[in-house]
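Please look over the sequence and the structure first.

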Amino acid sequence: MTRKIGVPAFVIPSMPRLYYRAMSIRKGAGEWEPLLLGIKPEYCGVCNQVLYRNTTMLKGGWERCSVCNRFVHYACLASGKISTYLKRRPRVCLNCEHTLAPSAEQS
């Protein structure tokens with residue numbers, strides 16, 4: 001087994017193969033559109049501040065009011081009977097609690 005001088009050990013083709021040029025995954029699907037959705041920020045129904053994760057993560061997050069069906073901060077929910085830390089069930093925001101309280105006192 002003698003090796004000839006000047007012959008490379010392996011051959012690298014200088015021209016790319018045909019299927020690399022014709023069958024590109026990116027070009028096969030056509031033009032790609034970015035999948036960016038138009039996201040509108042949600043606002044609290046009580047204090048009208050934005051409900052973002054960076055502002056509400058350590059403050060309890062947000063919940064949906066069971067009466068008006070709007071998102072509110074956890075701090076803007078009505079307090080429970082036991083403590084102010086635990087919130088009332090079903091979840092009721094402070095605006096709905098004020099509208100429901102006079103009707104409960106009249107009956």
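How many helices and strands does the protein have? There are four helices and two strands, where helices (H or I, at least four residues) and strands (E, at least two) are DSSP runs numbered from the N terminus. Along the sequence they follow the pattern α-α-α-β-β-α.

This is a predicted model, in which local features need pLDDT of at least 70 and side-chain atom pairs count only at pLDDT 80 or more, while totals for chains, interfaces and linings use all residues. Residues are numbered from 1 along each chain as its sequence is written, and side-chain values use heavy atoms, with hydrogens and water left out.

**Surface and core**

The accessible surface of the protein is about 10000 Å², and 60% of it belongs to carbon and sulfur atoms; such areas come from the Shrake-Rupley method with a 1.4 Å probe, and for residues only the protein chains shown count as cover. Of the 107 residues, 15% count as buried. Buried means under 20% relative accessible area, exposed over 50%, and partly exposed in between (1.4 Å probe, protein chains only).

The largest nonpolar core has nine residues, among them Cys44, Leu51, Cys65 and Val72. A nonpolar core is a set of buried Ala, Val, Leu, Ile, Met, Phe, Trp, Tyr and Cys residues joined through side-chain atoms within 4.5 Å. Leaving out residues up to four places away in sequence, Leu51 touches residues including Trp62, Phe71 and His73; contact means heavy atoms within 4.5 Å.

Pro41 lies in the loop between helix H2 (25–28) and helix H3 (53–56). Beyond its neighbours within four places in sequence, Pro41 contacts Val50 and Tyr52.

Ile82 sits in the loop between strand S2 (71–73) and helix H4 (94–106).

The structure holds one salt bridge, that is, a side-chain nitrogen of Lys or Arg within 4 Å of a carboxyl oxygen of Asp or Glu. Arg88 and Glu97 form it, their closest N and O atoms being 4.0 Å apart.

The table lists the accessibility of these residues.

| Residue | Relative accessible area | Class |
|---|---|---|
| Ile82 | 77% | exposed |
| Pro41 | 33% | partly exposed |
| Arg88 | 30% | partly exposed |
| Glu97 | 24% | partly exposed |
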